[in-house]
Amino acid sequence: LVVANIGEKQGVRIGMPFQVWREDKRIGDVRIVDVRESISGAVIQSIESEKVPVKTGDRLKVDARR
């Protein structure tokens, strides 16, 4: 589970797909499963490498392809 500091105020909705980025490298993909006013919970859908897990400070970008 990933907790993000974006929520309803920013337009996040359940089911939205996001990509996880660290600096200029894509780490994986998540999908929103819970949304509150200013935070959201997402489930990891895929990860590029088991050696590079999602961690605090990674950034989410809306996956407009999905």
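A pocket, as the word is used here, is an open set of grid points with protein on both sides within 12 Å along at least five of seven lines. The structure under discussion is a predicted model, and its largest pocket holds about 310 Å³ of space.

**The largest pocket**

Which residues lie nearest the centre of the largest pocket? They are V3, A4, N5, D58 and L60, out of 14 residues that line it. Two elements each give two or more residues to this lining, namely strand 1 (2-4) and strand 5 (59-62). Strand 1 gives the most, with 3 residues. Sorted by class, the lining of the largest pocket contains 8 nonpolar residues, together with 3 polar and 3 charged ones.

**The chain as a whole**

Along the principal axes, the C-alpha atoms of the chain fill a box of roughly 30 × 25 × 20 Å.

Of the 66 residues, 30% count as buried. The chain exposes about 4700 Å², and carbon and sulfur atoms supply 49% of that area. Among contacts between residues at least 6 apart in sequence, 52% join residues at least 24 apart.

| Residue | Loop | Relative accessibility |
|---|---|---|
| E23 | between strand 2 (17-22) and strand 3 (25-35) | 77% |
| E50 | between strand 4 (40-47) and strand 5 | 72% |

Are E23 and E50 buried or exposed? A residue is called exposed when its relative accessible area is over 50%. E23, at 77%, therefore counts as exposed, and E50, at 72%, does so as well.

In general, most residues other than glycine have a negative phi.

E50 can also be placed relative to I27: these residues are 23 apart in sequence, and their C-alpha atoms are 9.8 Å apart in space.

Conventions
Residues numbered from 1 in each chain as written. Predicted model: local features only at pLDDT ≥ 70, side-chain atom pairs only at ≥ 80, totals over all residues. Heavy atoms only, no water. 1 Å grid on protein atoms, 1.4 Å probe; cavity = no way out; pocket = protein on both sides within 12 Å on 5 of 7 lines; lining within 4 Å. Points joined across faces, edges and corners; volume = space filled by probe spheres on them. Helix = DSSP H or I, 4+ residues; strand = E, 2+ residues; numbered from the N terminus. Nonpolar A, V, L, I, M, F, W, Y, C, P; charged D, E, K, R; others polar. Buried < 20%, exposed > 50% of the residue type's maximum accessible area, 1.4 Å probe, protein only. Contact = heavy atoms within 4.5 Å. Areas by Shrake-Rupley, 256 points an atom, 1.4 Å probe, with all protein chains shown as cover.
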